[in-house]
Amino acid sequence: MTYQPVKGMEDFYPEKKAVLESIFTTLKTSARRFGFQEVGSPAMESIQLLTAKSGEEAKSQIFTLEKRGTDEIGLRFDLTVPITRMFVQKQKAIPKPAKWFALDRMWRYEAPQKGRSREFYQLSVELFGSARPEADADVICLAIDCLNSFGLREKDFMVRINNRKLLEGMLLQYGVPKTKMDAITGIIDKKLKVEEFLKLLLDAGLTQEVADKAILIANQQGPAATALAVIKKLATSREAVEGLAELENVIALLPSQYLSIDLSLARGLAYYTGTVFEISDREGKFRAIAGGGRYDNLVELFGGEKCPATGFAIGDKTLWLLLEEKGKLPEVRPGPDYYIVTVSDELRPEAVKLAAKLSRTHSCDIDLMGRKFMKQLEYANNIGAKNAIIIGQKELVERKVKVKDMKTGVETYMDI
C-alpha cells in the first residue's frame, strides 16, 4: 500500500519549500517595514471562540477535534480570531495602536480547488485601536506593498474596495428588511449571472422591485471618480451616507491606479463592519489574492473593551499561482552555500575541518557516501548547492582552495 497526503493537503519537498520560505520572508519583511510586530498563537482554539462571530459558512468549515471531557476544540480557520483573543487578554496594557502580524498554517474543511486547499498558510495583519481612515489605508497600502515586493504592479492586480455600512444602508434604504440583511449581502458577495442572481434574491424573500434595486446597487463598480459620482446620487439614508464618507476618506489616502470601487463586495465573514477590500489579478484568472477590512465589534464580542480594528490576510495558494503566472516566483536554490569536494579519500579529514570552520557563518555540507570526485560535483549540483569548494593536494599545500559557482561556473579562490 502506498500512502498519500490527506486530500486537500500538500507535501513540500526541498525545492518547493525553499521557494515558499522565500515568499514568507518577503511578506514578513513588508509587514515589519510598515511597523507591524510578529505574534504567534496555538493551532487549536475552543469551538466557542471560533464560532462566536464567524458566519454560518465558516462554521461548516471548521475541523473539529474529538471531544474529550468538556473540551470542544477546533483547528483555526483564520488568524484574526486568535490574534483578537490575544489582544483582549492584555488589552489595557498594550500601547495603541497595536500593529501585529502572524504568518502560519490554517485549516478549512471544504472542497479543494485551484487556489484553495484544506491546509494552507496565511499572512494575517491586524491593527487594533484606531478608527481613523489612516489605519484602513495603512493596512491596504501594506497589502499593495506585499505584492509590489515581488515585482507585481498595477497592470497585474487591482484592489476592489467597498464599505459594509454603505452597502447595507443602501439596501435598507431601498426596502431590504434588516432581518434578511446577512442572507442578501451573502448573495450579493457571490453575485453570479443576472438571471441566477435575481432568482437567488427572489428565493430569499425579496419582491421583484426590491430585488431590482439590490441588483442596481451591486452593479455599481469602477474607478473611484466615476463610481462615486453615481453612488452619491443613490445613497441617501443616514447609514449609507456615513459609510460613503468613510469610503471616500480611505480612498483619498490610497494610490488610485490600483483602486476599483465595487458595491457587490461584502466579504463572507460576518465580523466586518466598515471598509472591506479584496485584491484580485487584473485578468480574473484566480480567486482573491488578499482580502480584509474593518471589524470594530470583534474585540468587545470576545470580552474586551470596545475597540476599533482593521486588517487583512494574504493566502499562499493564490499568491503562488499569480507569481507563477507572471514569472515572479522567487528563484531559490535550496542547497547549502558550500559543498566541499575532495579529489582523493586521504583529503577527507581536511574537508571535515573546513566544513566545521565555514559552518559558523554559512551553510556547508560534505560528501558522506565515499563518492568519487565527479560524482561529488554531480551530487552538489543535484541538491542545489550554491558553490562547490574543491580540495586537492596543491590547494592544501598553498592553503588556498578553488570555489566554483554552481550556477555560472565561475571559479574563484578562498584562503583556508
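Me: Let's start with helix 14. Which residues in helix 14 are buried?
Reply: In helix 14, which spans residues 348-358, the buried ones are R348, A351, L354, A355 and L358. Buried means under 20% relative accessible area, exposed means over 50%, and partly exposed is in between, using a 1.4 Å probe and protein chains only. Helices (H or I, at least four residues) and strands (E, at least two) are DSSP runs, numbered from the N terminus.

Me: Where do those residues sit around the axis?
Reply: They are on the same side of helix 14, because they cover an arc of only 115° around the axis. That arc is taken from the directions from the helix axis to the C-beta atoms. As background, an α-helix has 3.6 residues a turn, so residues three or four places apart point the same way.

Me: And what do the buried residues of helix 14 pack against?
Reply: They pack against strand 12 (338-342), strand 13 (364-366), helix 15 (373-382), strand 14 and strand 16. Contact here means heavy atoms within 4.5 Å.

Me: Wait, is this an experimental or a predicted model?
Reply: This is a predicted model, where local features need pLDDT of at least 70 and side-chain atom pairs count only at pLDDT 80 or more, while totals for chains, interfaces and linings use all residues. Residues are numbered from 1 along each chain as its sequence is written, and side-chain values use heavy atoms, with hydrogens and water left out.

Me: OK, strands now. How do strand 14 and strand 15 pair?
Reply: Strand 14 (residues 387-391) and strand 15 (residues 400-405) are antiparallel, with four bridges, and I389 stands opposite V403 in strand 15. Two strands pair if DSSP finds at least two bridges between them.

Me: What about strand 15 and strand 16?
Reply: Those run antiparallel too, and five bridges join strand 15 to strand 16 (residues 411-415). K404 faces E411 in strand 16. The two strands form a hairpin with five residues between them, and G409 in the turn has a positive phi of about 85°.

Me: What is the order of strands in the open sheet of nine?
Reply: The order is 1-4-5-11-10-9-6-8-7, with mixed pairing. The edge strands are strand 1 (37-38) and strand 7 (221-222), and each pairs on one side only. Inside that order, strand 6 (residues 157-163) and strand 8 (residues 259-262) run parallel, joined by three bridges, with R160 opposite S260 in strand 8.

Me: Back to helices. Why is helix 4 described as largely enclosed?
Reply: Eight of the ten residues of helix 4 (residues 80-89) are buried, so the rest of the structure largely encloses it. Strand 2 (44-46), helix 2 (47-50), strand 4 (98-107), strand 5 and helix 12 (298-301) are among the elements covering those buried residues.

Me: Now S130: buried or exposed?
Reply: S130 counts as buried, because its relative accessibility is 15%. S130 lies in the loop between strand 5 (119-128) and helix 5 (133-148). Not counting residues up to four places away in sequence, S130 touches A135, R294 and P308.

Me: Last one! How many residues line the second largest pocket?
Reply: The lining has 27 residues, and K165, Y272, T273, G274 and N297 lie nearest the centre of the pocket. The elements giving two or more residues to that lining are helix 5, helix 6 (164-173), helix 7 (181-189), helix 11 (238-251) and helix 12. On a 1 Å grid over the protein atoms alone, a pocket is an open set of points with protein on both sides within 12 Å along at least five of seven lines, and lining residues have an atom within 4 Å of a point.

Note on methods:
On a 1 Å grid over the protein atoms alone, a cavity is a set of points where a 1.4 Å probe fits but cannot get out, and a pocket is an open set with protein on both sides within 12 Å along at least five of seven lines; lining residues have an atom within 4 Å of a point.
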